Amino acid sequence: MDSQKTNSNFKVKIQRFGSFLSGMIMPNIGAFIAWGLITALFIPTGWLPNESLAELVGPMITYLLPLLIGFTGGRMVYDLRGGVVGATATMGVIVGADIPMFLGAMVMGPLGGWLIKQVDKYFENKVKSGFEMLVNNFSAGIIGGALTIIAYVGVGPIVYTLNQTLASGVNFLVTNNLLPLASILIEPAKVLFLNNAINHGILGPIGIEQAAREGMSILFLLEANPGPGLGILLAFMLFGKGMAKQSAPGATIIHFFGGIHEIYFPYILMKPALIIAAIAGGATGVFTLLLFNGGLVAAPSPGSIIAVLAMTPRGGYFAVIAGVLAATAVSFIIASIILKSSKLTGEEDLAKATEKTSALKGKESRASVLVNKGETEDVKTAPNNEIVKENVNKIIFACDAGMGSSAMGASILRNKVKKAGLEIDVTNTAINNIPNDADIVISHKDLTDRAKAKLPTAVHISVENFLNSPKYDELIEKLK
């Protein structure tokens, strides 16, 4: 029992960590796509080469994207004030290293938000009237400046050391003919945005020497094979959820045809277990290339399937295409299993069955009360949870990031409200941003306690599934 409880607690911690990462990445997916489009179009080997516009690529990935992540992480911890300090601290890791500092931003952003939050708590009710703005501005400036220096001196070198360690490991596998195992290091390194350092710093020079000697090299496809990322994105298209599923088709096109592999990294960061799919897909692709003696005459740039085929030597197309397809198939199968199993468990299946019973019965069934254990009772027995039509002007759907599932749930209920002829505002937001004027807050049952803590004065409704809950119809009937 103790070991089961420990495993359960560990699983919850991992889920919370993944949710926190998702909250930093998902709001910035549009910026990643914008950078991917500009890169695919305007770099020298892109679709529309343009030397002037290509100058946007470096600053965007070096400065814009890490700063956005740092700001978002700080804001998640302590609203706009935390976001400002988090972004300021992120600048230290950006300047302190010569590789894109996405990992550093995920550390410094939340850390900056947390520290300024603690400082504000310390000074609460201790500042004399009239000095509030002075203290607030200087405390944020001092904390932000100090963290920037610490990040510059400390975090940058740590990430650089990590990069060197990974590169040394890959070189060892290459020199000892253990190429399929190289994916164990390459795929995680790619997700940490260390792909360019490994590809151009280690694999490229060795591959050029090998190609000059043998006419081609498999090393050019260890990192550039689009198969592992393609399989993961296809799995999100079919089995993903919310915004991740909606954005996957566009990301797939940019990744596979545009050759911008970085576009799928945030999807793995959302659900870290998917790194298993990437590693297995990469290893399968390398094994297939070895089996059929596949390789390229030069490094494909960008890693588009078009560039890969263009660099394929005469007579080598079957081997290269087989390597890409094999990697895609394996990563797709494993990613699909992970996505499906992470969404559905026996407990959730049972809960959905009882919700269907409630829908057929027209009211909450006894089984549903037992399965949801207190979920319905919270709504019905709390003295301030009486739903009166005249008192309801705003309904809020709340989830971790305020996107994806809550947006789809809000859309479903908004249509029901409109059909019922009710003039009620239905929107979605992150739990940390629930507005004070919300009358009803709808959240997933695992997040309801957090939502209640944020706005205890509202009526709170828990659901098992944002996309299909009989409680929507029950709420509409009460509002009628």
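A cavity is a set of points, on a 1 Å grid over the protein atoms alone, where a 1.4 Å probe fits but cannot get out. Grid points are joined across faces, edges and corners, and a volume is the space filled by probe spheres set on the points. By that rule, the structure holds two cavities of 30 Å³ or more.

This is a predicted model, in which local features need pLDDT of at least 70, side-chain atom pairs count only at pLDDT 80 or more, and totals for chains, interfaces and linings use all residues. Residues are numbered from 1 along each chain as its sequence is written, and side-chain values use heavy atoms, with hydrogens and water left out.

**Overall build**

The protein chain has 19 helices and four strands. Helices (H or I, at least four residues) and strands (E, at least two) are DSSP runs, numbered from the N terminus. The chain has 480 residues, and 49% of them are buried. Buried means under 20% relative accessible area, exposed means over 50%, and partly exposed lies in between (1.4 Å probe, protein chains only). A contact means heavy atoms within 4.5 Å. Of the contacts with a separation of 6 or more, 69% join residues 24 or more positions apart.

**The second largest cavity**

The second largest cavity holds about 40 Å³ of space. Lining residues have an atom within 4 Å of a point. Among them are Glu-187, Lys-190, Leu-221, Pro-228 and Val-286. Helix H6 (183-191) and helix H11 (275-291) each supply at least two residues of this lining.

**Salt bridges**

A salt bridge is a side-chain nitrogen of Lys or Arg within 4 Å of a carboxyl oxygen of Asp or Glu. The whole structure has four. The table lists some of them.

| Pair | N to O distance |
|---|---|
| Arg-81 and Asp-120 | 2.7 Å |
| Asp-437 and Lys-394 | 3.0 Å |
| Asp-473 and Lys-416 | 3.0 Å |

Take the salt bridge of Arg-81 and Asp-120. Arg-81 sits in helix H3 (residues 57-95) and Asp-120 in helix H4 (residues 102-123), so this pair links distant parts of the chain, 39 residues apart. Arg-81 is partly exposed at 22% relative accessibility. Asp-120 is buried at 15%.

Next come Asp-437 and Lys-394, which also meet in a salt bridge. Asp-437 lies in the loop between strand S2 (425-430) and strand S3 (440-444), and Lys-394 in strand S1 (residues 394-399), so the pair ties together parts 43 residues apart in sequence. Asp-437 is partly exposed, at 46%.

Asp-473 bridges to Lys-416. Asp-473 belongs to helix H19 (residues 471-479) and Lys-416 to helix H17 (residues 405-419), so parts 57 residues apart in sequence are tied together. Asp-473 is partly exposed, with a relative accessible area of 42%. Lys-416 is partly exposed too, at 27%.

**A residue in helix H3**

Met-91 lies in helix H3. Met-91 is partly exposed, at 29% relative accessibility. Leaving out residues up to four places away in sequence, Met-91 touches Tyr-63, Leu-67 and Thr-148.

**A surface patch**

Trp-47, Leu-48, Ile-253, Phe-257 and Ile-306 form a nonpolar patch on the surface. Patches are made of residues with over 30% relative accessible area and no salt bridge; like charges are joined within 9 Å, nonpolar side chains (Val, Leu, Ile, Met, Phe, Trp, Tyr) within 5 Å. Phe-257 is in the loop between helix H9 (242-256) and helix H10 (265-270). Phe-257 is partly exposed, at 42% relative accessibility.

Notes: Areas by Shrake-Rupley, 256 points an atom, 1.4 Å probe, with all protein chains shown as cover. 1 Å grid on protein atoms, 1.4 Å probe; cavity = no way out; pocket = protein on both sides within 12 Å on 5 of 7 lines; lining within 4 Å.
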